[in-house]
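Here is a walk through one protein chain, from its overall build down to single residues. Keep the model open as you read.

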Amino acid sequence: KPIEQVIWEIPAGKLEIGENPKDCAIRELKEETGYSAKNIKLIHKFFTSAGFSNQKIYIFLATGLNKGEPEFDEDEIIEKYEIDINEARNMVINNEIEDAKTAIGILLAKELI
């Protein structure tokens with residue numbers, strides 16, 4: 001919403017008060033994609049802009065996926081696409097993906113899978 005344009009993003013969301021980042025990742029994966037994961041592993045965490053904000057983002061890699069139905073929040077407008085990791089990496093390199101957490105997550109996942 002803040003940037004007022006459509007962008008590519010990996011599943012993501014805000015931590016609820018007192019929520020564990022891993023639990024948030026599991027919840028957001030289900031809500032936004034319908035998938036549940038047998039395994040979910042923290043692969044990186046970073047401050048979005050340490051000189052400006054204390055916001056920290058956690059990137060998880062989900063494997064052993066089981067398909068299900070998404071459960072979008074009422075205010076979310078999401079179109080779900082499944083893209084091969086090599087194509088996603090190329091989208092980052094070609095500047096088609098402008099969201100920082102998504103670019104970082106894709107590049108790290110490409111190295112780990």
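From the N terminus on, the elements run α-β-β-α-α. The radius of gyration is 14 Å, close to the 13 Å that the globule rule gives for 113 residues, so the protein is as compact as a globular protein of that length. That radius is taken over C-alpha atoms, and the globule rule is 2.2 Å times the number of residues to the power 0.38. In total there are three helices and two strands. Both kinds of element are DSSP runs numbered from the N terminus: helices are H or I with at least four residues, strands are E with at least two.

This is a predicted model, in which local features need pLDDT of at least 70, side-chain atom pairs count only at pLDDT 80 or more, and totals for chains, interfaces and linings use all residues. Residues are numbered from 1 along each chain as its sequence is written, and side-chain values use heavy atoms, with hydrogens and water left out.

How confident is the predictor? The scale is pLDDT, its confidence in each residue, from 0 to 100. The mean pLDDT of the protein is 94, and 99% of its residues reach 70 or more. Among the elements, α1 has the lowest mean pLDDT, 96. Helix α2 (residues 85–93) has the highest, 98. Where pLDDT is low, the predicted coordinates should not be read in detail.

Now the overall dimensions. Along the principal axes, the C-alpha atoms fill a box of roughly 35 × 35 × 30 Å. The protein exposes about 8,300 Å², and carbon and sulfur atoms supply 50% of that area. Accessible areas come from the Shrake-Rupley method with a 1.4 Å probe; for residues, only the protein chains shown count as cover. Buried residues make up 24% of the 113 residues. Buried means under 20% relative accessible area, exposed over 50%, and partly exposed in between (1.4 Å probe, protein chains only). Contacts tell their own story. Among contacts between residues at least 6 apart in sequence, 55% join residues at least 24 apart. A contact here means heavy atoms within 4.5 Å.

Turn to helix α1, residues 21–33. Its 13 residues reach 18 Å from first C-alpha to last, close to the 18 Å expected at 1.5 Å a residue. The expected span is 1.5 Å times one less than the number of residues. At the start of α1, a side-chain oxygen of Asn 20 reaches to within 2.7 Å of the backbone nitrogen of Lys 22. After α1 comes Gly 34, with a positive phi near 90 degrees.

Which residues of α1 are buried? They are Cys 24, Ala 25, Glu 28, Leu 29, Glu 31, Glu 32 and Thr 33. The buried residues of α1 pack against β1 (36–47) and β2 (56–66).

Glu 28 counts as buried because its relative accessibility is 5%. The side chains of Glu 28 and Arg 27 are joined by a polar contact of 2.8 Å. A polar contact is a pair of N or O atoms within 3.5 Å; within protein, one must be able to donate a hydrogen and the other to accept it, and residues adjacent in sequence count only if both atoms are side-chain atoms. Leaving aside neighbours within four places in sequence, Glu 28 is in contact with Pro 11, Ala 12, Gly 13, Lys 14, Thr 33 and Glu 76.

Move on to Asp 84, in the loop between β2 and α2. Asp 84 counts as partly exposed, at 46% relative accessibility. A polar atom of the Asp 84 side chain lies 2.9 Å from the backbone nitrogen of Asn 86. Asp 84 and Trp 8 are 76 residues apart along the chain, and their C-alpha atoms are separated by 14 Å.

The loop between α2 and α3 (100–112) holds Asn 95. Asn 95 is not a glycine, yet its phi is positive, about 65 degrees. Asn 95 is exposed, with a relative accessible area of 55%. Glu 96 is found in the loop between α2 and α3 too. Glu 96 is partly exposed, at 44%. Not counting residues up to four places away in sequence, Glu 96 touches Trp 8 and Met 91.

Finish in the segment before α1, where Glu 4 lies. Glu 4 has a positive phi of about 55 degrees, although it is not a glycine. Glu 4 is exposed, with a relative accessible area of 57%.

Terms used:
pLDDT = per-residue confidence, 0-100.
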